[in-house]
Amino acid sequence: MDPNRALVKPTPQQLAWQEAELTLFLHFGINTFTDREWGEGTEDPRLFNPSRLDARQWVRVAQEAGFRYAILTAKHHDGFCLWPSRYTDHSVKSSPWRDGKGDVVREFADACHAAGMKMGFYLSPWDRHEPSYGDSPRYNEYFRNQLTELLSNYGPVAEVWFDGACGEGPNGKRQEYDWPSYYAVIRKLQPDALIAICGPDVRWVGNEDGVARETEWSVQPAPVGSRSAIDGKAWYPAECDVSIRPGWFWHAHEDDKVKSLAHLMDIYFKSVGRNSVLLLNVPPNTEGLLAAPDVQRLREFRAYLDQAFAEDLARGKRAKASSARRNAPAAAAVDGRARTYWSPAGTEDAPWLEVDLGKPTTFNVTLAQEFIAEGQRVEEYRIETWDGTAWQPLVQGTTIGHKKLDRVPETTASKVRLTLTRAQATPLIRAFGLYLAPPIEGAGLGAGAP
Ligand code: FUL
């Protein structure tokens, strides 16, 4: 490894987003009222009529569950707009809701801003209603106009989420999306907004199960439009999108198919716990509210996380290391602070950090975090426990990144050691922690999706 090599680092916006860990996704629109997942674009806007819509409820529930970003589907593939766009009548203004004077995006944005929730929107480039779709230059202009409305009139936007779906237009031609021109509108109007999925700032993890890879690098070949590229590489962190229900939109018949707490926790460990952000979809119902079973599950989700991570058993314990740089002592990895880290002097092959727990201590989750503001560096690590005579293997892992959580069988030890066996540059370990998570009713903690 070349110590002078410039490392790819996150932008401040990418860093804030990753630190937040949890983003709520809200799929809501005409499909909510037609009981479909994909509309055809021929739906009657008069069907859109939520009886008790309250975006403050969405935001309150999300915030209570620990979510700090929320993304609403301003327009899905059917083309129906949740805001009164000047460029089409296929929107809330043609609906009976609030006498055609309503604006869901406005209510959502206001609720987010009032609560300090970061706000984003999903805008489907694929539009099955808009007549200009397929006539590439004309539709690209229509799309940029819609983006301009959403980015100009609703306050700060933290994330714009682009799905890649692309069908034929009414003229039988395939629309060619002019991505660079879309990005230019976003960069100009909302320079702090992250552009996700079909965009350069946040990468789709590659499935809709909420599961990242065991090895998840935030540094990737640079996508078009990236702001952090060095030598063809860029900071391009993974986001895991998954719905709390089988579908993305609300359907009455799925009220009893909300994912179990055990399944959600498995998703959490395999997304947030694998250096990714979890984008969890919780769709409002025909009343315009998050449904009771989903709200209940989100409460359980929060309560479980609070309990599982209430006490870091390594916090403040005596720590020593194979070596440490000045201002980066071993103790900094167990001080509970986000801005300090342990970093080895860089001379040994496999630097290690040892925590003396002072007494036999039982845990079943280990945590490691890198100080990613300075890049992602660790390629391989192992965790061992001291049995009084020798070090016993417990975890063998690869990348760490922002956060790596490993679930292990209940283990009792008085000393635990983290060894970094391979790294791309001198590692900076922000945290090393140990937790005893309670069992989940109906499933062991280690159990996967039911
Ligand atoms: C997909 C869409 O086709 C789904 O309807 C949903 O919006 C999901 C998040 O992205 O590609």
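What is the volume of the largest pocket? In this predicted model, local features need pLDDT of at least 70, side-chain atom pairs count only at pLDDT 80 or more, and totals for chains, interfaces and linings use all residues. Residues are numbered from 1 along each chain as its sequence is written, and side-chain values use heavy atoms, with hydrogens and water left out.

The largest pocket has a volume of about 530 Å³. Its lining comprises 28 residues, and those closest to the centre are Glu-21, Leu-367, Gln-369, Lys-403 and Tyr-435. A pocket is an open set of points on a 1 Å grid over the protein atoms alone, with protein on both sides within 12 Å along at least five of seven lines; lining residues have an atom within 4 Å of a point. Volume is the space filled by probe spheres set on the points, which are joined across faces, edges and corners.

Two or more lining residues come from each of helix H1 (12–20), helix H8 (292–308), strand E12 (352–370) and strand E16 (429–435). E16 gives the most, with five residues. Helices (H or I, at least four residues) and strands (E, at least two) are DSSP runs, numbered from the N terminus. The largest pocket lies between domain 1 (3–308) and domain 2 (318–435), because both give residues to its lining. The domain bounds come from an automatic or database domain assignment.

The ligand is surrounded by Phe-25, His-27, Trp-38, His-76, His-77, Tyr-122, Asp-163, Glu-208, Asp-241 and Trp-248 (a heavy atom within 4 Å). Polar side-chain atoms lie 2.7 Å from a ligand oxygen atom for His-27, 3.1 Å for Trp-38 and 3.0 Å for Tyr-122. The protein covers 89% of the 290 Å² of accessible area that the ligand has on its own (Shrake-Rupley method, 1.4 Å probe).

By the cavity rule (grid points where a 1.4 Å probe fits but cannot get out), the count is one cavity of 30 Å³ or more. The largest cavity has a volume of about 40 Å³. Thr-11, Gln-13, Gln-14, Arg-187, Pro-191, Ala-193, Leu-194, Asp-201 and Arg-227 line this cavity.

Definitions and conventions
A polar contact is a pair of N or O atoms within 3.5 Å; within protein, one must be able to donate a hydrogen and the other to accept it, and residues adjacent in sequence count only if both atoms are side-chain atoms.
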